Amino acid sequence: MISGELVIDLLLGGGAVVTAVLCLTAKDLFQAILLFISMGLLVTLAWVRLGAWDVAIAEAAIGAGLTGALLIATRRQLNQ
Amino acid sequence: MFNDLTLGRNTQQQASLPAGVLIMLVLAIAAACLFLIKALIDFGPAEQPLVALVASNLAQSGVDNPVTAVLLNFRSYDTLLEVAVLLIVALAVVPASTDQSKLRFISVSVPTERSFVLEAFLRWLLPAIVVTSGYLLWTGAALPGGAFQAGALLAGAGILLLLAGHHNFNFNAPAARLLLVVGLAVFLLVGAAVILSSGTALAYPQAWAGMLILIIEVAATLTIAAILVLLFCALQVEPPRAKYEGPKKEEHS
């Protein structure tokens, strides 16, 4: 009854929510940034599953990649 | 410091709520989420009048990708304002001092720490990123892709170049300032120039639409890449300069 695609979709959606919660509750700032990047990649896959390829590419490049780089640079500034 | 602040507030809030209330809240939210998920799965394919509307007008947009058609033709005013917002962000973080405006945009320097793995990797990766970015820009007319994605990729290449440490970008240089505004300038010029033929701003003549959209997208890609790299540059201050500018910055903030 439950198809394989639905399982993948539920895993992606659930994984995104779990990583988001972990990101918000992480004690270490660096850990939180890494979790944010992994959440971005999971959301990218979710966009792919929804067929929104344009949003998926933008999310992968900006949401996961550039924002992660900016956050890591900010963390280095905070530590100085 | 910031991390401790938010964490402290979280623990205070958790401590103030009794456990019974928390369990009730969790159960209520979980039930609502489950209900919404079930409703979403049961919900059949909805009536989407916009999809049919875009599909029926795609032929006169000049491009074959419906997303690009909406972004740069049917709703190009929104995209114009997005580029303008990006320029405002760039103005907010661009270095205020103009004493470097005579220097060149890209300067080569010897890095304090060399990472040979990164350098060797970048020799292969950077050309590939630039070509991929150009491909995304070109293919945006027919397949998923476009100015934002291409610009973000190009900015990623710029950030990797910065991380290798051999090059520095000086965003006070005239060339850099040109890069920061060229997207909005070209967009506005094209939008104003088409008044001559169609009478309405940003309403491209059908025969030229594809070419005009490509010109706007090329300029927007360069601007988006430059602004995103500028954002990274504004955060990354080299140790000697950070010490030198330290007191001045604290006064401003």
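A residue is called buried if 20 or more other C-beta atoms lie within 10 Å of its own, exposed if 12 or fewer, and partly exposed in between, with C-beta atoms placed from the backbone. Helices are DSSP runs of H or I of at least four residues, strands are runs of E of at least two, and both are numbered from the N terminus.

Please note that this is a predicted model, in which local features need pLDDT of at least 70 and side-chain atom pairs count only at pLDDT 80 or more, while totals for chains, interfaces and linings use all residues. Residues are numbered from 1 along each chain as its sequence is written, and chains are lettered from A and ligands numbered from 1 in the order in which they are written.

To continue with α7(B), this helix reaches 26 Å from its first C-alpha to its last, close to the 26 Å expected at 1.5 Å a residue; the expected span is 1.5 Å times one less than the number of residues. After α7(B) comes B:Gly165, with a positive phi near 90°.

Helix α6 of chain B, residues 116–139, has a kink of about 40° centred on B:Leu122. The bend at a residue is the angle between axes fitted to the seven residues ending there and the seven starting there. Buried in α6(B) are B:Ser133, B:Leu136 and B:Leu137, and their cover includes α7 and α10 of chain B.

I turn now to the contact between the chains. It takes 21 residues from chain B and 17 residues from chain A, where two residues are in contact if their C-beta atoms, placed from the backbone, lie within 7 Å. Which helix supplies the largest share of the side of chain B that touches chain A? That helix is α7(B), with seven residues.

Finally, chain A. Its secondary structure comes to three helices and zero strands, and its C-alpha trace spans about 55 × 25 × 10 Å along the principal axes. Of the 80 residues in chain A, 29% are buried. Among contacts in chain A between residues at least 6 apart in sequence, 45% join residues at least 24 apart. Within chain A, the span of residues 16–79 is 91% helix and 0% strand, and its end C-alpha atoms lie 28 Å apart.
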